[in-house]
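Hi there,

Here is the structure I promised to pass on to you. Have a look at it first, and then read on for my notes.

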Amino acid sequence: GENDPAERWNWDAPLEVSTTAEGRIYYGSQRVWRSDDRGNSWTPISDDLTTDTNRYTLPMAGRVRSVNSLFDLGAMSRYASLTAISESVLDGQRMWTGSDDGLVHTTADGGENWQDVSIDALPELAFVNDVEASQHAADAAFVAADNHKAGDFRPYLFATSNGGRSWRDIS
């Protein structure tokens, strides 16, 4: 809309086809978009669900670099974007998102209200590769993340069974 900030799309922008509402599709930028007509029209159902960090202000190899010294700017995804969306197959109102800057959010009312349920044990700004709603419990989900951009190649796997109020490490 008018005066909205520009959308930030990841090159692996998440796409989720609803299993609970025919014709419904979700797509992620820094916010979640929903189409109820198979992609012919789109409505944002969230605000920004990222840190909104400008990647050019982050240190690389110990210091913040000039944008002129960075390479491959045209091929890189915009930073602070969603990387995962998952709708519960048990409750179409329950959804989860993950972002490339370490945040996890959920909604229990179809996107009217979102809660930051980010995982304390996840390194700051880790890349959330995937969020999967459980197929067995509406308030349960799984998160897969990594921190390779900081030289940490450990896998991070977490599970929640209470809507994200607490997470357990299942790595």
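Below are my notes on the charged pairs and the aromatic rings.

Please keep in mind that this is a predicted model.

**Salt bridges**

Side chains of opposite charge can pair when their charged atoms come close. Searching the whole structure turned up nine salt bridges, and I would like to walk you through some of them.

Let me begin with Glu 7 and Arg 31, whose side chains form a salt bridge with an N to O distance of 2.6 Å. This pair links distant parts of the chain, 24 residues apart: Glu 7 sits in the segment before β1 (15–17), and Arg 31 in the loop between β2 (25–28) and β3 (32–35). Both Glu 7 and Arg 31 are buried.

The next pair is Glu 22 with Arg 38, a salt bridge in which the closest N and O atoms are 3.1 Å apart. Glu 22 belongs to the loop between β1 and β2 and Arg 38 to the loop between β3 and β4 (43–44), so this contact ties together parts that are 16 residues apart in sequence. Here, Glu 22 and Arg 38 are both exposed.

Arg 154 is in strand β13 (residues 152–160) and Asp 169 in strand β14 (residues 168–169), so to speak two distant parts of the chain, 15 residues apart, linked by the pair. Arg 154 is partly exposed, at a relative accessible area of 36%, and Asp 169 is partly exposed as well, at 42%.

There is also a network to look at: salt bridges with shared partners join Asp 4, Glu 7 and Arg 31.

**Aromatic rings**

How many aromatic pairs does the structure hold? There are three. In one of them, the ring centres of Tyr 27 and Trp 42 lie 6.4 Å apart with the planes at 55 degrees; angles over 60 would count as edge-to-face, so this pair is tilted. Since Tyr 27 is in strand β2 and Trp 42 in the loop between β3 and β4, the pair ties together parts that are 15 residues apart in sequence.

Together with Trp 9, Tyr 27 and Trp 42 form one aromatic cluster.

Conventions: Residues numbered from 1 in each chain as written. Predicted model: local features only at pLDDT ≥ 70, side-chain atom pairs only at ≥ 80, totals over all residues. Heavy atoms only, no water. Salt bridge = Lys/Arg side-chain N within 4 Å of Asp/Glu carboxyl O. Helix = DSSP H or I, 4+ residues; strand = E, 2+ residues; numbered from the N terminus. Buried < 20%, exposed > 50% of the residue type's maximum accessible area, 1.4 Å probe, protein only. Phe/Tyr/Trp six-rings, centres within 6.5 Å; stacked < 30°, edge-to-face > 60°.
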